[in-house]
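Q: Please take a close look at how side chains pair in the model shown here. I would like one connected account, with the surroundings of each pair where they can be given.

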Amino acid sequence: MQWWTARILRRSARVLTTMSFRRPHYAWVVAGVTFLVLLATAGIRATPGVLMVPLEAEFGWNRAVISTAVAINIALFGLIGPFAAAVMDRYGLRRVVLAALALLTLAVALTTRMQHEWQLLLIWGVLVGSGTGVTSMVLAAVIATRWFDERRGFALGALSAANATGQLVFLPLLARQIAWHGWRSAAWIVAAAAAIVFVVVAVFMRDRPEDVGLTRYGSKPSSAPPQVALAPIAALRQASASRPFWVLAGTFFICGASTNGLIGTHLIAACHDYGIPEIHAAGLLAVMGIFDIIGTTASGWLTDRYSSRHLLFGYYTLRGVSLLFLPLTLHNGAHGLGWFAVFYGLDWIATVPPTVRLTTETFGRENTGVIYGWIGASHQLGASLAAFGAGAIRTRAGDYQAAFWSAGLLCIAAGIAMLTATSLRPGARRPHGAAAESMHASPALS
């Protein structure tokens, strides 16, 4: 028996010494760091949603005023995206992200000192909006296209989930902190989170696979010369000449209006109107965040395998139906909102992976960041309009019912547009001439 034991141990030792343990591709490290960046900065962007009632109580600012600051924040978050992609190409992704995180840490800390409306507009609207504009959905698209050939949809789905989930996961913690220690303590928490992520980025982030002697994850050998991305204004000029751009930008406008513009900003306040405590409402957003991770990651997996148009039709249509029923759900109390949180969370930002795929296949890999930046800007303009519009509707009408119904109908219209848009069907004609040559459009979309 001892002889057999010794023999097995010797063979096991030989196997272990000859095995080659492969380290994970550094693309996954970069993706993990980016996940943390998007998680933290999304939480910062969402903080006004839980501060709305405390600021209204302490300073007497009505929801239209607070919603204006949120609208500025969201608009800058979107409009800076295309230029952020270009700046990352010129100065380096790591350096630009570090600068944005430093600005966010300082700006959120300054929030605790504000006393006047103009300070709210400047700090939370302009400064925080500018900082988060760099760490927007464009960052996820740039990382996915730079570092991944295989499993790009899966990686983008996970990063997109972080971009939406951070704001939902942070809210219960912030709501409890506000209830126990006041709203300024919540601001210090998100400022500290930005500072911690700054250190992680400084240590682990890299700009491109070549910086660590690698190629993209799953890349295939290619003799084609690398293409240079268009400048932001040139990209907008050429993309806007094509119908697919307007279909994608228009539907993404509705996506932003119906998610972080409306639900992300106003759901807690809407629950307060129906007597549902803020901590419970923030918990509902946390449930959305959990199911958003599942839904958006699954959407990335599905995007690698199925028609992006058909997926988007399903996402927008189901979201629209849920919003049409939301006023009735609120009227019936907190019980039904749990099911709404699960359903809406699965669909919260599942639209991102198929939209990025359509952008890449239409306008080329190198232009994905900058053109998706403009499409993302449309998303945030929709969110900005919804954040302000819903606050104005609540101030004038006394409830959010018209805002929820309008958003629901727009989502159904977006789903129909995706299903019927001939410019996004396989074999549809692509941008031609100089635009096609510079964008290197692929032959078809699915």
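A: Arg-184 counts as partly exposed in this predicted model, because its relative accessibility is 27%. Its partner in a salt bridge is Glu-58, and the closest N and O atoms of the two are 3.0 Å apart. Arg-184 belongs to helix H8 (residues 183–204) and Glu-58 to helix H2 (residues 26–59), so the bridge ties together parts that are 126 residues apart in sequence. Glu-58 is likewise partly exposed, since its relative accessible area is 40%.

This bridge is one of four salt bridges in the structure. In general, side chains of opposite charge can pair when their charged atoms come close.

Another of them joins Arg-394 and Asp-273, with an N to O distance of 2.7 Å. Here too distant parts of the chain are linked: Arg-394 sits in helix H16 (residues 368–397) and Asp-273 in helix H11 (residues 263–273), 121 residues apart. Asp-273 has a relative accessibility of 29% and therefore counts as partly exposed.

A further salt bridge is found between Asp-347 and Arg-319, at 3.6 Å from N to O. Asp-347 is placed in the loop between helix H14 (334–346) and helix H15 (352–363), whereas Arg-319 is part of helix H13 (residues 308–331); the two are 28 residues apart. Is this pair buried or exposed? Asp-347 counts as buried because its relative accessibility is 7%, and Arg-319 counts as buried because its value is 1%. The cut-off behind both assignments is a relative accessible area under 20%.

The aromatic side chains form pairs as well, and the count comes to eight. Tyr-400 counts as buried at 3% relative accessibility, and Phe-404 is buried with a relative accessible area of 1%.

Leaving aside residues up to four places away in sequence, Gly-166 touches Leu-39, Ala-42 and Gly-43. Gly-289, 123 residues from Gly-166 in sequence, has its C-alpha 7.3 Å from the C-alpha of Gly-166.

The setting of these pairs is a protein chain with 18 helices and zero strands. Of its 446 residues, 54% are buried. Among the contacts with a separation of 6 or more, residues 24 or more positions apart account for 85%. The chain exposes about 18700 Å², of which carbon and sulfur atoms supply 66%.

Definitions and conventions. Residues are numbered from 1 along each chain as its sequence is written. This is a predicted model: local features need pLDDT of at least 70, side-chain atom pairs count only at pLDDT 80 or more; totals for chains, interfaces and linings use all residues. Side-chain values use heavy atoms; hydrogens and water are left out. A salt bridge is a side-chain nitrogen of Lys or Arg within 4 Å of a carboxyl oxygen of Asp or Glu. Helices (H or I, at least four residues) and strands (E, at least two) are DSSP runs, numbered from the N terminus. Buried means under 20% relative accessible area, exposed over 50%, partly exposed in between (1.4 Å probe, protein chains only). Contact means heavy atoms within 4.5 Å. Accessible areas come from the Shrake-Rupley method with a 1.4 Å probe; for residues, only the protein chains shown count as cover. Rings of Phe, Tyr and Trp (its six-membered ring) pair if their centres lie within 6.5 Å; planes under 30 degrees apart count as stacked, over 60 as edge-to-face and the rest as tilted.
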